[in-house]
Amino acid sequence: MDAILLQILNGLDKGSAYALIALGLTLIFGTLGVVNFAHGALFMIGAFCAVTVQKLLTLSSVKLDETKTDFLGNPMKVETPYVESWFGAETGAAIIDWSVPLAIIFAIPVMVAIGFIMERGLIKHFYKRPHADQILVTFGLAIVLQEIIKFYYGANPIPTPAPDAFRGSFDFGVLLGFDPNVIIYPYWRLVYFFFAVVIIGGVFAFLQFTTFGMVVRAGMADRETVGLLGINIDKRFTIMFGVAAAVAGLAGVMYTPINSPNYHMGMDFLVLSFVVVVVGGMGSLPGAVLAGFLLGILESFASMNEIKAIVPGVDQIIIYLVAILILLTRPRGLMGRKGVMED
């Protein structure tokens with residue numbers, strides 16, 4: 001029982017990332033009908049927003065400290081971050097420590113702006129083109145963005161630690177009545193899961209309970225009729241592209257303490273996230289979220305040594321096996337609309 005609970009917990013953080021990225025992908029496909037293969041790059045850019053904020057906050061001035069000397073008796077150089085000089089040592093250190101959560105403030109306008117530029121500058125020209133053309137152009141854009149990140153930040157992963165308050169692990173075993181140290185789970189992974197739940201809930205509430213969201217949902221169902229009512233649905237869909245970009249970016253920001261940012265992390269998540277979208281049902285927001293968590297947990301179970309001893313490498317292919325099984329029996333996915341991806 002404890003092993004099952006541990007694998008479920010282990011699948012939640014990756015499932016949360018899958019669900020957030022797939023949610024943005026589904027928003028774009030459902031509103032604009034575009035298969036956006038650059039969406040994984042938005043996740044990567046969000047992660048590097050956190051890296052950028054960390055680098056900015058740790059910019060330092062170098063001074064000679066007469067009270068400290070090296071082995072030759074020369075004054076030592078001491079680096080003091082500017083934020084500690086401006087706000088005091090204690091407050092400045094706290095700001096640096098909380099650089100990842102603070103990066104959210106920086107990432108939201110950056111990601112929305114990037115989303116607007118992508119949609120207005122490139123993707124709008126491919127609305128009526130075949131999906132194959134959309135995939136080629138957005139995949140090419142993803143490679144360009146990836147190489148830009150590689151040029152400016154290098155090819156090596158960049159550690160971006162969580163705040164000190166969320167380092168360490170929580171003993172779930174004691175909480176559930178098991179022996180101590182049986183079910184241990186990192187605090188930040190719990191933070192990421194609850195963060196994902198809040199973001200997903202916020203998106204659904206926005207679409208369900210606001211006038212703007214209701215119009216967007218109506219446009220997703222019947223774009224032409226909404227346009228005939230005199231509503232500029234294209235403008236609203238552009239805004240939703242920005243929202244989808246922000247969701248992917250925030251997913252990347254908060255994932256940095258779990259997986260150190262690197263230039264190819266967007267591609268790593270992109271293919272899996274598209275599988276999640278297809279399994280959940282193209283255009284189905286609830287389906288994308290459900291499939292994200294489901295496949296994340298299945299991948300966690302498949303990574304158990306007992307399972308891999310029976311089927312070596314199954315953890316690398318379990319998501320694709322599940323996708324094949326579901327699409328053979330239900331081509332539109334778990335919660336896809338009738339007629340989508342069906343003959």
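User: Which residue just after α12 takes a positive phi?
Analyst: Let's start with what we are looking at: this is a predicted model, where local features need pLDDT of at least 70, side-chain atom pairs count only at pLDDT 80 or more, and totals for chains, interfaces and linings use all residues. Residues are numbered from 1 along each chain as its sequence is written, and side-chain values use heavy atoms, leaving out hydrogens and water. Helices are DSSP runs (H or I, at least four residues), numbered from the N terminus. Just after α12, the residue with a positive phi of about 120° is G281.

User: How far apart are the end C-alpha atoms of helix α12?
Analyst: The expected span of a helix is 1.5 Å times one less than its number of residues. For the 16 residues of α12 (residues 265-280) that should give 22 Å. The prediction agrees, because the end C-alpha atoms are 22 Å apart.

User: Is T26 buried or exposed?
Analyst: T26 sits in helix α1 (residues 2-32). Buried means under 20% relative accessible area, exposed over 50%, and partly exposed in between (1.4 Å probe, protein chains only). At 0% relative accessibility, T26 counts as buried.

User: How many of the 16 residues of α12 are buried?
Analyst: Helix α12 is largely enclosed by the rest of the structure. One of its residues, V277, is touched by T26 (contact means heavy atoms within 4.5 Å). The number of buried residues in α12 is 13 of the 16.

Conventions. Helices (H or I, at least four residues) and strands (E, at least two) are DSSP runs, numbered from the N terminus. Lists of a residue's contacts leave out its neighbours within four places in sequence.
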